[in-house]
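Try each task before reading its solution.

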Amino acid sequence: MKPKLLLVECSDRPGLVHGITGVLLRHGCNVTTNHEFVDPEASRFFMRTEFTGEVTSGPLENEIRAVLPAEATVRVTPMQPRRVVVLASREHHCLADLLVRNAFSELNARIAAVASNHAGLGPLVEKFNVPYSCISHEGQTRQQHEEQLAGFIEKHAPEYLVLAKYMRILSPWFVRRFPNRIINIHHSFLPAFAGAKPYEQAFQRGVKVIGATAHFVTEELDQGPIIVQEVLPVDHTHTPRDLAQAGRDVEKIALARALRLVFEDRVMLCGNRTVIFD
C-alpha cells in the first residue's frame, strides 16, 4: 500500500496533534512518520504526516479541518513525482546535473521540458530525450519575451519551475503567475560580491568558503524564502578559476538537495522563512 501525505498549517493551540491523529485513527489509517513544529513568533503550527490507509482525500481533509482553527490549510496528497519545467541560459552545470538525476529517477520529479533564452544547451537536453525550446529574448521587450515563455511553460502544466542558472530577471507579473512555485539557485556571495566577476572579487578578498543558496523566487530579487544553503572550503591556493569551479560544484549540490525537499513536500512557508522537515 502506497503511503499518503498529510500537510497541515494553522494557528497554534493545545490538542492539535491529538485531534488530527484521532481523525486518522477513526479512518483506520496508520501513521508511519510524523513531524510537527510550532513557530513561537508567529504562533503557527506546521505538521507533515505520512500514513497508510484506504481513504478518500476530500472527506478526510474536511474532517481534519473540523478539528482545527477556521483558517487551517489542510492537504492530503499521494506521494508521487512532481512535474517540472527547467529554465536555463548558457551555463550547463546545474541543468546537466538535473538531467542526469531525472534520467535515473533521483529527483522525485519528471522534467517535462526545458526552455532557454540561448540556443547553446539544446544539444545537451536533446541527448536526454526531454522537450527543449529556445525562446530568445533578442529583439523583444521583457513583457513580450515573458508572455512567450509563460505560454510554453503552461503548455506543459508543471507544478514547479526550476531556474538552473537562468540569467534573466523575472518581472513581478511573471512571478505572480507562478506563486511559490519557482525555485532558483545562486552563489552565496550576494550581496558582498554582486555584479560582474564575483569569483575574481572573492579571490581578491581571500575568501575561505564558497557557498550557494537555493530559494523560492519572489518579486524582490534574490530575497525569497531560503530552502538550502551549502558551502565548500577553499584556501589561498585556489585561483579565480578554481573558485568558479567550486561555485559550480556547490550550486549543483544545493539545488539538488532543495529540489528533493520541495518535491517530497518537506518544505512549508512561514512568511519569508521556511520550515524544513528533513
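**Exercise 1.** Find which residues Tyr199 is in contact with, leaving aside its neighbours within four places in sequence.

*Solution.* Keep in mind that this is a predicted model. Start by locating the residue: Tyr199 belongs to helix 7, which spans residues 198–205. Next, collect the contacts, counting heavy atoms within 4.5 Å. The list for Tyr199 reads His187, Phe189, Ile210, Pro240, Leu243, Ala244, Gly247 and Glu251. Finally, check the accessibility. Tyr199 has a relative accessible area of 13%, and the cut-off for buried is under 20%, so Tyr199 counts as buried.

**Exercise 2.** Work out where the buried residues of helix 2 lie when seen down the helix axis.

*Solution.* First pick out the buried residues of helix 2 (residues 57–66): they are Leu60, Glu61 and Ile64. Looking down the axis, these residues fall within an arc of 100°, so they line one face of helix 2. Then ask what covers them: the cover includes strand 1 (4–11), helix 1 (16–26), strand 3 (44–52) and strand 4 (73–78).

**Exercise 3.** Decide whether Thr77 is buried or exposed, and list what it touches.

*Solution.* Begin with its place, which is in strand 4. The relative accessible area of Thr77 is 8%, so this residue is buried. Setting aside residues up to four places away in sequence, Thr77 touches Lys4, Leu5, Arg82 and Asp265.

Notes. Residues numbered from 1 in each chain as written. Predicted model: local features only at pLDDT ≥ 70, side-chain atom pairs only at ≥ 80, totals over all residues. Heavy atoms only, no water. Helix = DSSP H or I, 4+ residues; strand = E, 2+ residues; numbered from the N terminus. Buried < 20%, exposed > 50% of the residue type's maximum accessible area, 1.4 Å probe, protein only. Arc of directions from axis to C-beta.
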